[in-house]
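Dear colleague,

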Amino acid sequence: MTHSDFFLQFILDSPDCFPCLKEFWPNPKKDACFPKAVEFLSFDEVLGIILEIFSVSGACLAIITAVFFFYHRTTPIVRANNSELSFLLLFSLTLCFLCSLTFIGAPSEWSCMLRHTAFGITFVLCISCVLGKTVVVLMAFKATLPGSNAMKWFGPPQQRLTVLTFTFIQVIICTVWLVLSPPFPVKNLTTYKEKIILECALGSAVGFWSVLGYIGLLAVFCFALAVLARKLPDNFNEAKMITFSMLIFCAVWITFIPAYVSSPGKFTVAVEIFAILASSFGLILCIFAPKCFIILFQPEKNNKKSLMNKN
């Protein structure tokens, strides 16, 4: 280390270097040590406020969409493809938007455990709903074929069980992670010499990447099924919306990995929040915006005859 990293004191005209403690930094004259500045993504800084606005706006958008769909719940376009899954998807998207708020603020023992587990569970719930809707599209088309009873084997009870099963698996993964080696707050003294970064250590990298990997596995599976269903007749064209939404979702999280690894300090947290918000907005806009547009501006298409049109 150089003299610039030490507190200098002159004794008998002979310079002696005395190191500052790890959490302290020398002043410009090198004759005293002062506490290092502490950095984390706070609620009152510009970047934090921007992310908070997008998070709360996304949650409000999901709630407004749910209320709008509930008001029009008897219309064919809302009832098509299991409205129960649609409402559950909107509920999970609301939680996805709100869980990004747990990443803002000074890390604590509870916030470190909550942020990653809440994110992992809510996103699996969300993707499970999308997966269920995709399978419904495929089963509904097969049900129109002569002699087919496909919907008998994937009715509402089976759809609920599918969502519950996939989500429960993620709950188990998160529980094992928290029991064996949970995330915890840590002071990062190595990234910058002149300041301390407050962040959450993963505890177990295997646990963190298992949570992300399971979400990615479900997303890829859902995307593959949606691609298979996108060429079905127009009355089942929700698969096209799901395909596009999952394409955005996968693209966001593929680019997230290198950005997450290379981002320093509080920007690591900002990148993760951005990925959560971007993928959540992609899902809600791609899946629900076209239906809201038809209900509001093309009500003549919101009937059973138009939905059953195969041209």
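The crossing of helices H1 and H3 is left-handed, and please bear in mind throughout that this is a predicted model. Helix H1 covers residues 46-71 and helix H3 covers residues 83-99, and the two pack at an angle of about 165° with their axes 8 Å apart. Since angles over 145 degrees count as roughly antiparallel, H1 and H3 are therefore roughly antiparallel to each other.

As for the residues that make this contact, H1 contributes Phe54, Ser55, Gly58, Ala59, Ala62, Ile63, Thr65, Ala66, Phe69 and Phe70, while H3 contributes Phe87, Leu90, Thr94, Phe97 and Leu98. Sorted by class, the contact of H1 with H3 comprises 11 nonpolar and four polar residues, with no charged residues.

Turning to the sheet, you will find an open arrangement of three strands in the order S5-S7-S6, in which the pairing is mixed. Strand S5 (37-39) and strand S6 (184-188) are the edge strands, each of them pairing on one side only. Neighbouring strands of this sheet are turned against each other by 25° on average, with direction ignored.

Within the sheet, S5 and strand S7 (residues 195-201) run parallel and are joined by three bridges.

Methods:
Residues are numbered from 1 along each chain as its sequence is written. This is a predicted model: local features need pLDDT of at least 70, side-chain atom pairs count only at pLDDT 80 or more; totals for chains, interfaces and linings use all residues. Side-chain values use heavy atoms; hydrogens and water are left out. Two strands pair if DSSP finds at least two bridges between them. Helices (H or I, at least four residues) and strands (E, at least two) are DSSP runs, numbered from the N terminus. Axes are lines fitted to C-alpha atoms, for helices over the stretch in contact, and angles run from 0 to 180 degrees between N-to-C directions. Angles under 35 degrees count as roughly parallel, over 145 as roughly antiparallel, 65 to 115 as roughly perpendicular and the rest as oblique. A crossing is left-handed if the near helix is turned anticlockwise from the far one by less than a right angle, and right-handed if clockwise. Contact means heavy atoms within 4.5 Å. Ala, Val, Leu, Ile, Met, Phe, Trp, Tyr, Cys and Pro count as nonpolar, Asp, Glu, Lys and Arg as charged, and the others, Gly among them, as polar.
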